[in-house]
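User: I would like to learn how to read the pockets of a protein model. Can you take me through one?

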Amino acid sequence: MHSYSLIAPAKINLYLEIIGDRPDNYHELAMVLQSISLADKIDIRSIGIESIVVRCNHPLVPADEANIAYRAASLMSKQFPEALVRYGGVEITIHKHIPVAAGLAGGSTNAAAVLVGLDLMWELGLTHGELEELGAQLGSDVPFCIGGGTALATGRGEVLSPLPNLDHIYVVLAKYKNLSISTPWAYKTYRQEFGDTYVTDTEGQENSRQRVHSGPIVSAIAHHNHAEIGKLLHNDLEKVALPEYPQLLKLREAFASENVLGAMMSGSGPTMFALTESQAQAEEVEAAVKAKMADPDLEFWIAQFNSNGISIAH
Ligand code: ATP
């Protein structure tokens with residue numbers, strides 16, 4: 001086939017712990033990542049000429065090599081130059097539904113879709129592991145976005161251990177339209193404020209990773225204990241984002257006072273989310289928080305936990 005349409009789901013963090021610094025200047029992390037049904041649609045098609053073209057309907061998403069989806073296509077054409085000659089270049093059309101710079105891995109999932117799509121379109125037959133390795137060269141969240149579902153992520157976020165799927169959990173997301181948080185700012189500020197608590201030695205970092213591996217949230221997921229999962233939500237980056245943006249703290253409190261399993265900020269923010277047991281509860285929570293906050297700048301989405309990452313659109 002000369003074209004594919006792919007569904008690229010967003011992710012939320014159920015857990016994000018910053019363990020320490022790494023020699024490559026990234027942070028050593030322990031996270032639980034969860035795909036959700038809020039997704040972009042990515043169309044890719046072969047074009048006769050050997051170039052990469054990106055189109056996107058969102059004003060904040062670049063259409064040149066600054067777009068991570070472009071960089072994914074560029075990486076694939078460098079790795080597989082004979083496929084580029086055989087099939088020609090690629091046009092990538094991004095239909096954006098995931099809010100941008102929101103802590104939902106919107107860019108990473110687009111890049112993951114391009115890797116999966118080009119593997120299919122160029123008939124490369126890459127393994128899941130090979131795709132994840134290519135993904136890790138583009139960004140720490142890209143490997144997770146390929147397979148999605150529920151996973152424990154360590155290292156920079158690219159070392160993945162699958163966890164049992166969590167079906168039937170719903171999520172209400174809210175984001176202030178005009179508020180974005182830069183991921184580098186969040187991590188830099190965290191390092192400035194909490195760097196003295198970092199675990200620096202290799203053995204200590206391994207112990208911290210193991211503590212999360214065998215820790216309470218992983219156990220709650222294994223037992224499908226939704227109430228416990230809600231209580232154990234944790235994100236270290238809230239410690240820098242909430243004091244800086246008091247409206248986020250208010251939003252979190254508004255969610256937490258409703259009939260929810262738990263509420264938290266996703267990734268480096270500023271998207272705040274709450275988990276519920278049903279679609280009806282999610283709708284009630286959305287209506288209540290909307291009324292309480294009464295802010296036209298606040299946007300809401302309702303989604304469900306997803307058991308997969310990139311899939312072909314039908
Ligand atoms: P993460 O959770 O992985 O930190 P995020 O959801 O916070 O990501 P993105 O939506 O990926 O953030 O956007 C971060 C920046 O990347 C934006 O400022 C945007 O201009 C740029 N960007 C590049 N390519 C894309 C893309 N395909 N989709 C969205 N943003 C992109």
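The dialogue below goes through the pockets of this predicted model.

User: How much space lies in the largest pocket?
Analyst: Start with volume. Here the largest pocket holds about 1,200 Å³ of space.

User: Which residues are closest to its centre?
Analyst: A lining residue has an atom within 4 Å of a pocket point. In this model, 45 residues line the largest pocket. Closest to its centre are Ser108, Asp141, Thr183, Pro184 and Ser268.

User: How do the lining residues divide by class?
Analyst: Count nonpolar, polar and charged residues separately. The largest pocket has 21 nonpolar, 17 polar and seven charged.

User: What does each domain give to this lining?
Analyst: Domain 1 (3-164) and domain 2 (170-304) each supply at least three residues.

User: Now the second largest pocket. Which residues line it?
Analyst: This pocket holds about 190 Å³ of space. Its lining consists of His58, Leu60, Lys96, His97, Ile98, Pro99, Val100, Lys175, Lys177, Ser180, Glu299 and Trp301.

User: And what are the classes there?
Analyst: Five are nonpolar, three polar and four charged.

User: Which domains does that lining draw on?
Analyst: At least three residues come from each of domain 1 (3-164) and domain 2 (170-304).

Terms used
Residues are numbered from 1 along each chain as its sequence is written. This is a predicted model: local features need pLDDT of at least 70, side-chain atom pairs count only at pLDDT 80 or more; totals for chains, interfaces and linings use all residues. Side-chain values use heavy atoms; hydrogens and water are left out. On a 1 Å grid over the protein atoms alone, a cavity is a set of points where a 1.4 Å probe fits but cannot get out, and a pocket is an open set with protein on both sides within 12 Å along at least five of seven lines; lining residues have an atom within 4 Å of a point. Grid points are joined across faces, edges and corners, and a volume is the space filled by probe spheres set on the points. Ala, Val, Leu, Ile, Met, Phe, Trp, Tyr, Cys and Pro count as nonpolar, Asp, Glu, Lys and Arg as charged, and the others, Gly among them, as polar. Domain bounds come from an automatic or database domain assignment.
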